[in-house]
Amino acid sequence: MKTDGEFRIGKRRFNSRFILGSGKFSLSMMKTVMENGGIEIATLAVRRTNAGGEENILDYIPRGLTLLPNTSGARNAEEAVRIAMLARELGCGDMIKVEIIKDSRYLLPDNCETIKATKTLAEEGFTVMPYMMPDLSAARSMAEAGASAIMPLGSPIGSNKGLLTRDFIKILVDEIDLPVIVDAGIGRPSQACEAMELGCAAVMANTAIATAGDIPMMAGAFKLAIEAGRMAFVSKPGRVLHEGGEASSPLTGFLGD
Amino acid sequence: MKINGKEIELILPMTLGDLVAGSGYCEDRVAVELNGRIVPRSEYANVSLDNGDSVEIVGFVGGG
């Protein structure tokens, strides 16, 4: 079956529209989850590391995957830039998900600081993917600052509450000429599917998978839902009647006429 | 000196390369900041440490 195939982030092309966050999984499960999800991009965090003997996540992520480090832990643009520089030094490319959070209760991103960090990092040659509150004006500023994609949240990180920001994300899809990737809050395959039906380029999920009863199977469910949503978007969903019904079967030739 | 926020007494002279390898880090899985500046891996062996230094050693972990 013909689908629309690959999409672009910066200079890279991808076929899979399911981006997986690698947090909260046991390392031994990582490979199966990535395979079941058809994952091509996985996010990682940068943290202080202890000396010796620790297992390294890079040994558990299948080769050939694109790694997308995040700047989690950053509370302002300066800290985000510092983390991004360290991530690049770790040697897994120049993609960076800018994540700047001051608020520890709701974990909502700071769009103003995120715009500043996006500008600095784009100038430094990074492929910048800012995590953001879905706000049109901020998204425009991020595009101007050199973002390669935008990552608006569906609902608070880790909440599994779904696409609470649906209408605002749709505005970004319609108005911003960059891939829109819903990140954070997506808790069910149906919600991921809905985001794709809106025209999002991809969906990122982590907690939804990591907190499922059968983690590898849920990764597979997300893969199918994201593909279904994309195909639905490309095939242009049919109209909705405002009232009444419309027969799908012919209205002539009834028995007994 | 400080390593990842912890005070540690060094036996000098010591290079950054000695510290990283001697502490059991896998060199190609870490990035190092010395006093707020990133040191490229290729220079670890040429950088001498002092007891007033602050070193951050970071790596990738799972995260969304």
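I counted the secondary structure of chain A first: eight helices and 10 strands, taken as DSSP runs numbered from the N terminus (helices H or I, at least four residues; strands E, at least two). The model is predicted, so local features need pLDDT of at least 70 and side-chain atom pairs count only at pLDDT 80 or more, while totals for chains, interfaces and linings use all residues. Residues are numbered from 1 along each chain as its sequence is written, and chains are lettered from A and ligands numbered from 1 in the order in which they are written.

Overall burial. I found 46% of the 257 residues in chain A buried, meaning that 20 or more other C-beta atoms, placed from the backbone, lie within 10 Å of the residue's own.

Helix α3. I looked up α3 of chain A, residues 111–123, and noted 13 residues reaching 18 Å from first C-alpha to last. That is close to the expected 18 Å, the rule being 1.5 Å times one less than the number of residues. I listed its buried residues, among them A:I115, A:T118, A:L121 and A:A122. Their cover includes α2 (77–89), β6 (95–98), β7 (127–132) and α4 (136–145) of chain A, with contact set at C-beta atoms, placed from the backbone, within 7 Å. After α3(A) comes A:G125, with a positive phi near 95°.

Sheet. I traced an open, parallel sheet of three strands in chain A, ordered β6-β7-β8. β6 and β8 (151–152) of chain A are at the edges with a single partner strand each, so one side of each lacks a neighbour in the sheet. Pairing requires at least two DSSP bridges; β6(A) and β7(A) have four. I noted A:T127 in β7(A) as the bridge partner of A:M95.

Technical notes:
Buried ≥ 20, exposed ≤ 12 C-beta atoms within 10 Å, placed from the backbone. Contact = placed C-beta atoms within 7 Å.
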